[in-house]
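Here is my note on the model. Please have the sequence and the structure open as you read.

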Amino acid sequence: MSSTLGNKRTRGAVSLGELVGKAIAPVTARRGFATADLVAAWPEIAGPLYAGCTAPERIAWPRHEDEGTPAPGILFLKVDGPRAIYVQHDLPQIVDRVNAFFGYRAIARVRILQSPVAATSKPSVAAAVRHDEAAEEAIAETVKDVEDERLREALERLGRGIHGNRRE
């Protein structure tokens, strides 16, 4: 079985990443991205605190006449309106992470664009926590005498949070 990738013939299966990367490269290049890898790796770059409320929009690269080291660009970052102040506070760390991703000082500044960010499906915190049966029994035993139902449920959630084990 052979498939065709552009003018190049290959034998066997072709990775989806190779096909998708070639298909979206022109689109991402027009939007200011040298590669789609930044968009794909954004949740890891932004971290769990900002992955759901931020998204890289484009990079504006300055024009340079010499053939030396390229000048750093400006990252335009979409941020959900209410979280923009928190993101602005942590911009130095975000710039450091983006530059570490590229492997050189690719970004000098970030411009925040307050705009809704498309929701991405991410695992909930509750799905990432495993509960031990013994811990569940200990929690139930501890809060069994609490009369107020809402308080008892809140204490149970607190106990699960304390006794929960994160997946590796």
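1. Basis. This is a predicted model, in which local features need pLDDT of at least 70, side-chain atom pairs count only at pLDDT 80 or more, and totals for chains, interfaces and linings use all residues. Residues are numbered from 1 along each chain as its sequence is written, and side-chain values use heavy atoms, with hydrogens and water left out.

2. Helix H6. H6 covers residues 149–163. Its N-terminal end is capped by Asp148, with a side-chain oxygen 3.4 Å from the backbone nitrogen of Arg150.

3. Nonpolar patch. Leu151, Leu155, Leu158 and Ile162 make a nonpolar surface patch of about 360 Å². Patch residues have over 30% relative accessible area and no salt bridge; nonpolar side chains (Val, Leu, Ile, Met, Phe, Trp, Tyr) are joined within 5 Å, like charges within 9 Å. Leu151 lies in H6. Its relative accessible area is 44%, so Leu151 is partly exposed. Buried means under 20%, exposed over 50%, and partly exposed in between (1.4 Å probe, protein chains only).

4. Overall layout. The protein has six helices and seven strands. These are DSSP runs, numbered from the N terminus: helices are H or I of at least four residues, strands E of at least two. Their order along the sequence is β-β-α-α-β-β-α-α-β-β-α-α-β.

5. Burial and surface. Of the 168 residues, 25% count as buried. The protein exposes about 12,100 Å², and carbon and sulfur atoms supply 54% of that area. Accessible areas come from the Shrake-Rupley method with a 1.4 Å probe.

6. Contacts across the sequence. Take contacts (heavy atoms within 4.5 Å) between residues at least 6 apart in sequence: 58% join residues at least 24 apart. Phe102, in helix H4 (residues 91–102), is worth a look. Leaving aside neighbours within four places in sequence, Phe102 is in contact with Leu38 and Ile59. Phe102 and Leu38 are 64 residues apart along the chain, yet their C-alpha atoms are separated by 8.5 Å. Phe102 counts as partly exposed because its relative accessibility is 21%.

7. Salt bridge. The structure holds one salt bridge (a side-chain nitrogen of Lys or Arg within 4 Å of a carboxyl oxygen of Asp or Glu). Glu141 forms a salt bridge with Lys144, and the closest N and O atoms are 2.9 Å apart. Glu141 is partly exposed at 48% relative accessibility. Lys144 is partly exposed, with a relative accessible area of 48%.

Definitions and conventions:
Polar contact = N/O pair within 3.5 Å; in protein donor to acceptor, adjacent residues only side chain to side chain.
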